[in-house]
Amino acid sequence: MKKFTRGLPFLLLFGLLAVTTQAQNSDLQRYQQAARNVTITRDNWGIAHVHGKTDANAVFGMIYAQAEDDFNRVETNYINSMGRLAEAEGESAIWRDLRMKLFIDPQAMKAEYEKTPAWLQKLMIAWADGLNFYLEKHPEVKPRVIKHFEPWMALTFSEGSIGGDIETINLTQLQAFYGTIMRPSH
């Protein structure tokens, strides 16, 4: 009996790894299929020209080309938009993260994603797939925080570019307000 209980965690782990590997293979096959439907050519100035059979293919190719140009900037934009900059840059970014989290809630973004029309979900899936395929094809690139992009993450970069400007919220005032509340009294 003891032998079985010792072996059970191994069997569960092995089963979990098998399921994870199947999912990764399925994802990779989806990325490769999308890549077959995209052509990226660069002109004399290095500007990417993306052609796809569908809008989703074009989104896949566009973000793949953008990652080729500057993955660090792409990742940093999404790290910042999700309020996770302190994970990459340390404690000094915590007030920027708080400011973002006042506007962007990952759980709310996931719920919004679930409510979006199917055509828009396809575009967001293509966006995430393009970035994940780029990471798959470039193992030398080491993401600072986001190891795997998810479709809902595309929604986090929508606040601030059109409409309200999050950057106008003063960090010093935010720190003073929350710092006063969070400081222990002596």
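This is a predicted model: local features need pLDDT of at least 70, side-chain atom pairs count only at pLDDT 80 or more; totals for chains, interfaces and linings use all residues.
1. A kink of about 115°, centred on D70, is found in α2. Just after this helix, G83 adopts a positive phi of about 70°.

2. The largest nonpolar core comprises 34 residues, and those with the most contacts inside it are W127, L131, I146, F149 and M153. At least two residues of this core are supplied by each of α1 (2-36), α2, α3 (85-89), α5 (106-115) and α6 (118-137). The kinked helix α2 provides the largest share of the core, namely 9 residues.

3. What is I146 in contact with, once its neighbours within four places in sequence are left aside? The partners are E75, Y78, I79, M82, L135 and M153.

4. The structure holds 8 aromatic pairs. In one of them, the ring centres of Y64 and Y134 are 5.7 Å apart and the planes stand at 75°, so this pair is edge-to-face. Because Y64 belongs to helix α2 and Y134 to helix α6, the pair ties together parts of the chain that are 70 residues apart in sequence. Both Y64 and Y134 are buried.

5. W127 and F149 form an aromatic pair that is likewise edge-to-face, with 5.8 Å from centre to centre and 90° between the planes. This pair links distant parts of the chain, 22 residues apart, since W127 lies in helix α6 and F149 in the loop between α6 and α7 (171-182). W127 is buried at a relative accessible area of 6%, and F149 is buried at 1%; for both residues, the cut-off that makes them buried is a relative accessible area under 20%.

6. Which residues do the ring pairs link into a cluster? The cluster consists of Y31, F60, Y64, F71, Y78, W127, F133, Y134 and F149. Both edge-to-face pairs described above, Y64 with Y134 and W127 with F149, therefore have their rings in this cluster. Y78, also in the cluster, is one of the contacts of I146.

Conventions
Residues are numbered from 1 along each chain as its sequence is written. Side-chain values use heavy atoms; hydrogens and water are left out. The bend at a residue is the angle between axes fitted to the seven residues ending there and the seven starting there. Helices (H or I, at least four residues) and strands (E, at least two) are DSSP runs, numbered from the N terminus. A nonpolar core is a set of buried Ala, Val, Leu, Ile, Met, Phe, Trp, Tyr and Cys residues joined through side-chain atoms within 4.5 Å. Buried means under 20% relative accessible area, exposed over 50%, partly exposed in between (1.4 Å probe, protein chains only). Contact means heavy atoms within 4.5 Å. Rings of Phe, Tyr and Trp (its six-membered ring) pair if their centres lie within 6.5 Å; planes under 30 degrees apart count as stacked, over 60 as edge-to-face and the rest as tilted.
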